[in-house]
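This briefing concerns the model shown below.

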Amino acid sequence: MARVNGEKLKRLRAWVQNYEWGRSGAEAEVARLLALNTGAEIEPNKPYAEFWMGTHESGPNVLVEEEGEEEEEEEEKEQQDVGLKEWIEKNPKVLGHKVLEKWGSDLPFLFKVLSVGKALSIQAHPDKELAKELHKMKPNLYKDANHKPEMALAITEFRALCGFITLQELKEVLEDVPEIVELVGTASAKQVMDIDERGGDTADKAKTALRSVFTQLMSASKEMTTKAISKLKSRLLLQSQLEKQYPGDIGVLSAFFFNYVKLKPGEALYLAANEPHAYLSGDCVECMATSDNVVRAGLTPKHRDIQTLCSMLTYNQGYPEILSGLALSPYITRYLPPFDEFEVDRCVLPKGSSVVFPAVPGPSIFLAFVGEGTMKTGCWEGIVTEGDVVFEPANTELVITAATSELQLYRAGINSRFFHGL
């Protein structure tokens, strides 16, 4: 691609994770993007869970050399599969000096598309201090020492469990679901029920009681859990979707403790460190700090670290904030979470229309999601089609034009508040 301020835009070959909770075959957006981006053949019965765009070692992206570049730089001609991480380390100025100063010579965010076919684990992501500790103690389980705040932006209707319900709602659960009380014990349940919601120290008491009752529930034996779920099914004369997916799993009962969130396409949800959540179904764009640290405790065949999860949670209660985005123009909507590492733009261009992404002091990654168009910088113009992933260096102005049909793109970049000191 073209030189811009001495550097180039770069097309990327993305990475896909085939976790078992992913949607199967062609029904997964992740599979469609993989086929378009790499030419890979879609296997109808294979799960396609996550499409990764970034530098994390668990799913590194590779630069795609374009025609004519070999003549430009003989060294690149000889190299095969140059990783984005390796290229950034050799060309750190593409990050911009403020990003380099704050995070070093690596991309501070990881950009993804998720296709959720069945519930993900009940999980939380550690803060920086805990991440360092976990990585040191169990590097095989916790692959890096970074925190992982994240944001999910719905492509389709997207369902999730997120954060703890209010004290009043928790009391109602303990009244209506006796099977949970059997597992946590009447003393722990009474501790919750006896809290006076008009008291001055209600929030602290509620956190303490919630921590106790949740820890008791998550620590229940497999035998007791299976028996309680069986009783619940018999009493309600139905089987929940979670129970069908994860029979006898404690997550079926702990789900009662969490807010049920349904995002419409174009709505987003952000998750800070140490907050419990589980995605249930749908497709979304996701962005996070560059990390793959997950502490799991239910709805999973993977390793469970119940003690760590129960001790790390904030036990904040209440419904999460839903972001509708900020309209930057008729075509661009920006989603700004309260984290420095990232923001996400959604761009929908009608056919024939153009939009300018002004130069910013940090790097960006663009995903062409649907349609075709052109990308143009000061000295270059090229075609972009659905499935293309493009790395844009800092301080590059970009003009994008839709061709004969609507062009939908997503952009991840450093949170603009970081550059403005907000």
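## Helix faces, cores and annotated sites

Helix α6 (residues 128-137) has L130, A131 and L134 among its residues, and these three are buried. Because they cover an arc of only 100° around the axis, they are on the same side of α6. The model is a predicted one, in which local features need pLDDT of at least 70, side-chain atom pairs count only at pLDDT 80 or more, and totals for chains, interfaces and linings use all residues. Residues are numbered from 1 along each chain as its sequence is written, and side-chain values use heavy atoms, with hydrogens and water left out.

**Helices with a buried and an exposed side**

- On the other side of α6, the residues E129, K132 and K136 are exposed; buried means under 20% relative accessible area, exposed over 50%, and partly exposed in between (1.4 Å probe, protein chains only).
- The buried residues of α6 pack against β16 and α14 (306-312); helices (H or I, at least four residues) and strands (E, at least two) are DSSP runs, numbered from the N terminus.
- In helix α9 (residues 186-193), the buried residues include S188, A189 and V192.
- These residues lie on the same side of α9, because they cover an arc of only 100° around the axis; the arc is that of the directions from the helix axis to the C-beta atoms.
- T186, A187 and K190 are exposed on the other side of α9.
- The cover over the buried residues of α9 includes α7 (167-176), α8 (178-184) and α10.

**Nonpolar cores**

- The largest nonpolar core has 50 residues, of which F164, I180, F214, L217, L253, F257 and L313 touch the most other members; such a core is a set of buried Ala, Val, Leu, Ile, Met, Phe, Trp, Tyr and Cys residues joined through side-chain atoms within 4.5 Å.
- Helix α10 (residues 202-218) supplies the largest share of this core, seven residues.
- Another core, of 45 residues, lies apart from it and has V82, F339, Y410 and A412 among its members.
- With neighbours within four places in sequence left aside, F214 is in contact with F164, S254, F257, F258, L309, C310, L313 and Y315; contact means heavy atoms within 4.5 Å.

**Cysteines**

- The count of disulfides is zero, a disulfide being a pair of cysteine sulfur atoms within 2.5 Å.
- C287 is in no disulfide, and the nearest cysteine sulfur, that of C284, is 11 Å away.
- The closest cysteine sulfur to that of C347 is in C287, at 17 Å, which is too far for a bond.
- C287 is buried at a relative accessible area of 0%, and C347 is buried at 1%.

**S291 and its surroundings**

- S291 is in the loop between β15 (277-289) and β16 (295-298), and its relative accessibility of 0% makes it buried.
- The side chains of S291 and D144 are joined by a polar contact of 2.8 Å; a polar contact is a pair of N or O atoms within 3.5 Å, where within protein one must be able to donate a hydrogen and the other to accept it, and residues adjacent in sequence count only if both atoms are side-chain atoms.
- Residues up to four places away in sequence aside, S291 touches H56, L110, D144, N146, H147 and K148.

**Annotations from UniProt**

- An unreviewed UniProt entry places the feature "active site" at R296, a residue in strand β16.
- Leaving aside neighbours within four places in sequence, R296 is in contact with S121, I122, Q123, K302, H303, R304, D305 and I306.
- UniProt lists residues 198-257 for "domain: Phosphomannose isomerase type I helical insertion" (unreviewed entry); this span is 68% helix and 0% strand, with its end C-alpha atoms 22 Å apart.
- UniProt positions are given in the numbering used here, feature names are shortened, and annotations may be inferred rather than shown by experiment.
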